[in-house]
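Let's take a walk through a protein together, one piece at a time. Have a look at the picture and the sequence before reading on.

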Amino acid sequence: MGADRWHAMVAAWERFQQGCAIIDAGSAVTVDYVGGDGTHIGGFILPGLRMMRRSLKLDAARIGFDFDDQLNTRPGNTTGECANHGLAWLTEGVVRQIHRDAAAYGIPNILVTGGDAKRFLGLGLKAEYCPGLVLDGLHHVAVQDSQL
Ligand SMILES: Nc1ncnc2c1ncn2[C@@H]1O[C@H](COP(=O)(O)OP(=O)(O)O)[C@@H](O)[C@H]1O
Ligand SMILES: CC(C)(COP(=O)(O)O)[C@@H](O)C(=O)NCCC(=O)O
């Protein structure tokens, strides 16, 4: 597991000592669930927004569009709208899945970090914005180690 995911979970657990969902919306998007007993339930790794946008532009034939960082999830009527709204629509779907899982696993706290955190919040994620979550976890582990 990536050290960023681990440190973010450490920080979340230190803060709440309760079940947590941690979303790191960075170059890749990671979603991790920690149960009420502090164990890692599991998680997901997804392509990040920039990655998906680049892939649509470079890997799909004849898709030319300028990225528009909007949160519109209505069906589009031009290539640009379809691609831009599609990326927002996909993210909104991920947000719904996270809320569904949090309810199913009895997770009361959702935290979000990373460069696209505000985009997830704008698309309905009910989470606490924690920009320094990975570094907070790293700091906690370093302090613990120094006390050994
Ligand atoms: N000014 C910016 N430069 C690069 N990425 C940005 C910027 N603003 C927002 N982003 C978004 O942030 C994401 C990268 O997040 P970040 O947390 O910095 O990545 P990493 O996980 O690699 O540390 C990109 O996918 C992109 O969509
Ligand atoms: C999945 C990641 C690339 C996400 O990193 P990021 O895009 O946030 O920089 C990183 O957590 C990583 O390298 N993980 C290793 C594989 C794993 O976590 O299972």
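Two strands are said to pair if DSSP finds at least two bridges between them. Keep in mind that this is a predicted model. With that in hand, look at strands S1 and S2: they pair in the antiparallel sense over six bridges, and a hairpin of two residues joins S1 to S2. On its other pairing, S1 (residues 20–25) runs parallel to strand S4 (residues 109–113), with five bridges between them.

Ile 23 lets you see both pairings: it stands opposite Val 31 in S2 and opposite Val 112 in S4. Asp 24 has Thr 113 of S4 as its bridge partner.

Now step back to the whole sheet. It is open, has five strands in the order S3-S2-S1-S4-S5, and its pairing is mixed. Strands S3 (40–47) and S5 (128–129) stand at the edges with a single partner strand each, so one side of each has no neighbour in the sheet. Helix H1 (residues 3–16) packs on the sheet, where it touches S1, S2, S3 and S4, and its direction makes about 140 degrees with that of S1.

How many residues of S1 are buried? Six of the six are, so S1 is largely enclosed by the rest of the structure. Cys 20, Ile 22 and Asp 24 are buried on one side, and Ala 21, Ile 23 and Ala 25 on the other.

Finally, find ligand 2. Among the residues around it are Asp 24, Gly 26, Ser 27 and Ile 45. H1 and S2 each supply at least two residues of this shell, which divides into three nonpolar, four polar and three charged residues.

Conventions. Residues numbered from 1 in each chain as written. Chains lettered and ligands numbered in written order. Predicted model: local features only at pLDDT ≥ 70, side-chain atom pairs only at ≥ 80, totals over all residues. Helix = DSSP H or I, 4+ residues; strand = E, 2+ residues; numbered from the N terminus. Contact = placed C-beta atoms within 7 Å. Axes fitted to C-alpha atoms, helices over the stretch in contact; angles between N-to-C directions. Near = placed C-beta within 6 Å. Nonpolar A, V, L, I, M, F, W, Y, C, P; charged D, E, K, R; others polar. Buried ≥ 20, exposed ≤ 12 C-beta atoms within 10 Å, placed from the backbone.
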